[in-house]
Amino acid sequence: MLNGAAVMDAALLLIAGNESCPQPQTSEHLAAVEIMKLPHIIILQNKVDLVKQEQAEAQHDQIKKFVAGTVADSAPVIPISAVLRYNIDMVCEYIARYIPVPARNFIGLPRLIVIRSFDVNKPGEDVQSLKGGVAGGSILQGILRVGDEIEVRPGIVNKDINGNMTCTPIYSRIMSLYAEQNDLQYAVPGGLIGVGTKIDPTLTRADRLVGQVLGLRDHLPDVFTEVEISFYLLRRLLGVKTSEGTKQAKVQKLTKGEVLMVNIGSTATGGKVVKVLEGPSGEPVARIVLTQPVCTQEAEKIALSRRVDKHWRLIGWGEIRKGVKIEMGETISITPEGG
């Protein structure tokens, strides 16, 4: 959920018309939209073909009450039936007319967040016909062109028996660019792009490059193995069913030694809290050692999830203040002091 939201300009909040609102997961999704600061939201009241008009109108009131005071306060609620394709044309019209295309940075250094990666070769392909791996994602800034020399970070990550980590970036060249079925000579920010490369397809198959960052060689952000973040926790635990009439459990404070799931861009990795302290303005600050290195930069937003009843549940968000960087090809120990 959070991985895909990292590259989106707007969100569709889907609510089942034959269930009460809000369901636990709906609350979690709305919180994710607020964390990612998506300003444009459309609420879809689905399955209206399964309920009577009075029920649909009653749930509409529930939805408006649920989103009151949130980023979706003024969002339109469109009743639809995905199966019968009822009102789908209205959804398309609203997207086209009322969700503006955000300002794009065409002159910055190109940077693409990888949210999918593939091996396009069929089983038994001849060696002469083999194609390089494909990375799919959205360009955040800059322009990628066929023939560009590119780099993928963090690249190949290796650990020795002592837990020391080495990152080796992947260098390649863009052989093709695709948007839908269109073969492109260059690609700009916005929309999803498939980048055909000369990377060994075993490195891209089955989404193995998800969470990596692709850009021009030697022009990508640093790779971090530890981050210091200022963070904010939700007041109540979302995504967990409660008995009728009871409030959702409070989110407990972060504690030293606990393991969280950290979402940075399209990367989801584990993180161990090694210190919780107070920032210069009194805001809570935490130092987190990441289980996998992440290509990111200061001021990047992150989401924090905690393991609750065998599921990862969103508990808060934060912003990277600084961190421990790893030079490409350098070996670094990830064992915290005293750990």
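Author: A residue counts as buried under 20% relative accessible area, as exposed over 50%, and as partly exposed in between. The model under discussion is a predicted one. With a relative accessible area of 36%, glutamate 149 is therefore partly exposed. Arginine 173 has a relative accessible area of 36% and is likewise partly exposed.

The side chains of arginine 173 and glutamate 149 meet in a salt bridge, with 2.5 Å from N to O. This pair links distant parts of the chain, for arginine 173 belongs to strand S8 (residues 164-173) and glutamate 149 to strand S7 (residues 149-159), 24 residues apart. In general, side chains of opposite charge can pair when their charged atoms come close. The count for the model comes to 12 salt bridges.

A second pair is found in another setting. The side chains of glutamate 258 and arginine 306 form a salt bridge of 3.0 Å, N to O. Here too distant parts of the chain are linked: glutamate 258 sits in the loop between strand S14 (223-233) and strand S15 (259-264), while arginine 306 is in strand S18 (residues 301-308), 48 residues apart. Are these two residues, glutamate 258 and arginine 306, buried or exposed? Both glutamate 258 and arginine 306 are buried.

Strand S18 also takes part in a further contact of this kind, through lysine 301. Glutamate 319 forms a salt bridge with lysine 301, and the closest N and O atoms are 3.4 Å apart. Glutamate 319 lies in strand S19 (residues 311-326) and lysine 301 in strand S18, so the pair ties together parts that are 18 residues apart in sequence. As for accessibility, glutamate 319 counts as partly exposed at 31%. Lysine 301, with a relative accessible area of 31%, is also partly exposed.

How values were computed. Residues numbered from 1 in each chain as written. Predicted model: local features only at pLDDT ≥ 70, side-chain atom pairs only at ≥ 80, totals over all residues. Heavy atoms only, no water. Salt bridge = Lys/Arg side-chain N within 4 Å of Asp/Glu carboxyl O. Helix = DSSP H or I, 4+ residues; strand = E, 2+ residues; numbered from the N terminus. Buried < 20%, exposed > 50% of the residue type's maximum accessible area, 1.4 Å probe, protein only.
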